[in-house]
Every structure is written in C-alpha cells, then in structure tokens.
Amino acid sequence: MIRKIGISTGGGDCAGLNAVIRAVVRTARLHYGWDVIAIEDGFDGLIYARNLRYLSVDDVTGILSRGGTILGTTNRGNPFKHEVWEGGQKVIKDMTPGIVENIRTLGLDAIVCIGGDGTLTIANDLFKLGVPVVGVPKTIDNDLMATDLTFGFTTAVDMATWALDRLQTTAESHHRVMVVEVMGRDAGWIALESGMAGAVDVILIPEIPFDIKKVANKIKQRQLTGRRFSMIVVAEGAKAMGGDRVIIEGATMGYQNVRLGGIGNEIGAQIQELTGIESRVTVLGHLQRGGSPNSFDRNLATRYGVAATNLIAEGKFGQMVCLRGRDVQSVPIEDAIGNLKLVDPNGQMVKAAEQLGIEFGRPDTSMI
Ligand code: F6P
C-alpha cells in the first residue's frame, strides 16, 4: 500500500526535468491520492534529510515549460563514496545506511530517481539494498542504453541547429571556417543530428576518430568549387586518430571523472594552419542544457513521469521507464546502465550523411 513517495533529480540538468516532476506530482496526487516529498540536490537531500517538503499540485503549476529542475541537482555526489570532513580531514564514507534509515523514518514507500547513467547506477545499487526505486532516464547526450530517447536531447539538438543556422550566415559573409563544439562525451548524437539538420560540411564524433587532413581536404575542395566558407560541428568527446579526448586540465567532475572541452579550438587552429582559411570557434556548452524544453521533450518527459508513477502503483521497483518506438515501456534499471548507446559508424544515419557529402574525417583504410 503506497501512501507517500519521494522524487529527486540527479546528474547534469537538461530541459524537461520539471515536466517529469510535474507529471509525477499530478499523477500521484490527483490519480492515486499519494503524498509527494521533494528531495533536493540528488541523493544529497536523502543523506542529510534536509529541505524536504511536500509537493502539491499548486507547487508544480506553471513548471512544464521551465528549464532546469525545481529540486536542484548535482553530478558530483555519490552516497556510496561520499566526501565528509572528520577530525579536520576529508574522508570517503558510505552514507547509504543513513539514507535507508531516513527513508524509513520519513515513511517513503518509493522514490522516483530521475537521472542519467551515474544517477541510475546509484539508484540501482540502492535498490539492491532494499530501497524501492523507479528510474526515469535523462541525458542530453542520449547515450543511455535500453531507451530510444532521453528527454532533453531533441531540445539540445534544436538549440545546436539554431546556432549552426546563425553561424552559417556569418561564416558565409566572412568566407571563414566555423567550428562549433557541442556536448557529447562518449556519443556523438547531438553533433550528428544537429549537423545534418544544420547542413554542415564536417561532423566529428567520438565514435569515428578523425584524420584532420581529411577534414582539411574537404574544406579545400569546397574552396576549389567556389564555396568559400565551411561549417564543422564537433562533439566535445571527439578525438583525432591515435589521440585522446581533450580535457580541461585539473578540473574533475563527480560521476564523469574528467571535464571535456577544447577539441573545437584545436580543430580551428589546425584547419586554419592546413588550409590558410581564417577559422573561428564557438563552444555551445550549457546553452544546450538550459532553457525551455521543446514540445516533443515536454510530452516525452510528461509521459515518463506518468509511467514512472504507474510503475510504483504496480510495485515494479528497480525498473526504469523507457521509449521503444512510440511506446513508453519499462526495463530493469540494470539493463540500462554501464552500457552506452553509441552512434554506429556504419549505421543508416552516418551513411546517409556521407552520401550527402558530409565528411566525418574517417582515415583512409590504407592508413589504418
Ligand atoms: O552528461 C551530460 C553532460 O552535459 C555532458 O555532455 C557534459 O560533458 C557534461 O554533462 C558537463 O557537465 P557539467 O555541467 O558538470 O559541466
């Protein structure tokens, strides 16, 4: 018998988190008559049981179109390995016994965990400890296995496409090469989809290590045919053949270990050097994560929120909602984590882009 549930958002934010929160609260309150408790800042809110509050339907009115998360989030906390100060020293402690105790004391019958690979891995480990969790998949990178789509992704693609359209007009006016760095740590979905929608000339993704000479040749060929500007979109996790991802030195970040960034600048400098054409670089960064979700993400997030609440009603803990084709379904969280959904370098979409003349910088096979 369910009476009270908790809800939390973990990992990097993205457009549509508030839409999930709204859908869970409305379904829980209006359809099932349950109480909903807001848990702030991912699992940190459960470790310290701080700022907990009831969420009413009024509390979630007007948030469907709002970016970010009203619950706050973090991509640094891991309750199994939590940094605390003890006796003037930083020590790593397992805080999950406290979480389990707080859940019991608060009378929470289930927790909705909204997050990406890192958050869902922790949620699954808590489930193994007996915590009744259900998951909702989120990441703009769209790299979670077991779901066709995560919400926030298509909004990020729209944002990147919007930027590419604008950058193209200035590239054309100045006869320049524009390099646009987008997010995508391990998977190049944002670069691929925005690059195709923005009709760029070169797409560089983590799944296809690139040869910069192939990229430069493509730009030179365009020059020869009178096309005096070029557009390159590069995922932050892309790397040159035989090279490594470009990281921001000294910057660490929770679940994801290293902060990526800088590949766009490297490519811009190399292309200018190799082609003699003036190049400029734009890093879109968190513009892709902030702001209002598009209508597709609003509806996907809303459907996920309703389905996650229904999973609780059905007692299907340890499960995550997912999209298969056009249907929202569910899978064990276990199946969705630790196994990233990457772009297939020989898949239909990449092949179609290549047939259109888009360069991926694939090294010549004779060079491999
Ligand atoms: O995982 C989502 C993501 O947006 C990545 O694409 C990016 O590398 C990372 O988060 C950035 O995180 P932060 O907000 O900590 O800079």
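Biologist: How many disulfides does the count come to?
Modeller: Zero disulfides. Keep in mind that this is a predicted model.

Biologist: What is a disulfide, again?
Modeller: A covalent bond between the sulfur atoms of two cysteines.

Biologist: How far is the sulfur of C14 from the closest cysteine sulfur?
Modeller: That distance is 15 Å, and the closest sulfur is in C113. The cut-off for a disulfide is 2.5 Å, so the sulfur of C14 is too far away for a bond.

Biologist: Is C14 buried or exposed?
Modeller: Buried. C14 has 0% relative accessibility.

Biologist: What about C113, buried or exposed?
Modeller: C113 is buried, because its relative accessible area is 0% and the cut-off for buried is under 20%.

Biologist: Let's switch to helices. What describes two packed helices?
Modeller: The angle between their axes and the distance between the axes.

Biologist: OK, at what angle do α1 and α9 pack?
Modeller: About 40°, with the axes 7 Å apart. Helix α1 covers residues 17–32, and helix α9 covers residues 295–313. That angle makes α1 oblique to α9.

Biologist: Is the crossing left-handed or right-handed?
Modeller: α1 crosses α9 in a right-handed way.

Biologist: Which residues make the contact?
Modeller: On α1, they are A19, V20, A23, V24, T27, A28 and Y32. On α9, they are R298, A301, T302, G305, V306, T309, N310 and A313.

Biologist: How do the residues of that contact divide, nonpolar, polar and charged?
Modeller: Between α1 and α9, nine are nonpolar, five are polar and one is charged.

Biologist: Next pair. At what angle do α5 and α6 cross?
Modeller: Roughly 45°, and their axes come within 8 Å. Helix α5 is residues 153–174, and helix α6 is residues 189–197. The two are therefore oblique to each other.

Biologist: Left-handed or right-handed, for α5 and α6?
Modeller: Right-handed.

Biologist: Which residues of α5 and α6 make the contact?
Modeller: α5 brings F153, A156, V157, A160, T161 and L164. α6 brings W189, I190, E193, S194, G195 and A197. By class, the contact of α5 with α6 has eight nonpolar, three polar and one charged residues.

Biologist: Now the loop between β8 and α6. Where does G188 lie?
Modeller: In that loop, between β8 (177–182) and α6. G188 is buried, with 0% relative accessible area.

Biologist: What does G188 touch?
Modeller: Leaving out residues up to four places away in sequence, G188 touches I205, P206, E207, A235 and V343. G188 and D141 are also worth a look: they are 47 residues apart in sequence, and their C-alpha atoms are 7.7 Å apart.

Biologist: Over to backbone angles. What is the phi of N142?
Modeller: About 60°, a positive value, although N142 is not a glycine. N142 lies in the loop between β7 (133–137) and α5. N142 is buried, with a relative accessible area of 4%.

Biologist: And the phi of A146?
Modeller: Near 75°, which is positive in a residue other than glycine. A146 is placed in the loop between β7 and α5. At 13% relative accessibility, A146 counts as buried too.

Biologist: Where is E40?
Modeller: In the loop between β2 (35–38) and α2 (44–47).

Biologist: Buried or exposed, for E40?
Modeller: Buried. The relative accessible area of E40 is 18%, and the cut-off for buried is under 20%.

Biologist: What is E40 in contact with?
Modeller: G45, N51, R53 and L71, leaving aside neighbours within four places in sequence. As for L144, which is 104 residues apart from E40 along the chain, the C-alpha atoms of the two are separated by 24 Å.

Biologist: Last one. Which strand is S230 found in?
Modeller: Strand β10, residues 230–235. S230 counts as buried, at 1% relative accessibility.

Biologist: And what is S230 in contact with?
Modeller: R176, V177, M178, D201, I219 and R222, leaving aside neighbours within four places in sequence.

Notes:
Residues numbered from 1 in each chain as written. Predicted model: local features only at pLDDT ≥ 70, side-chain atom pairs only at ≥ 80, totals over all residues. Heavy atoms only, no water. Axes fitted to C-alpha atoms, helices over the stretch in contact; angles between N-to-C directions. Helix = DSSP H or I, 4+ residues; strand = E, 2+ residues; numbered from the N terminus. Parallel < 35°, antiparallel > 145°, perpendicular 65-115°, else oblique. Left-handed = near helix turned anticlockwise from the far one by under 90°. Contact = heavy atoms within 4.5 Å. Nonpolar A, V, L, I, M, F, W, Y, C, P; charged D, E, K, R; others polar. Buried < 20%, exposed > 50% of the residue type's maximum accessible area, 1.4 Å probe, protein only.
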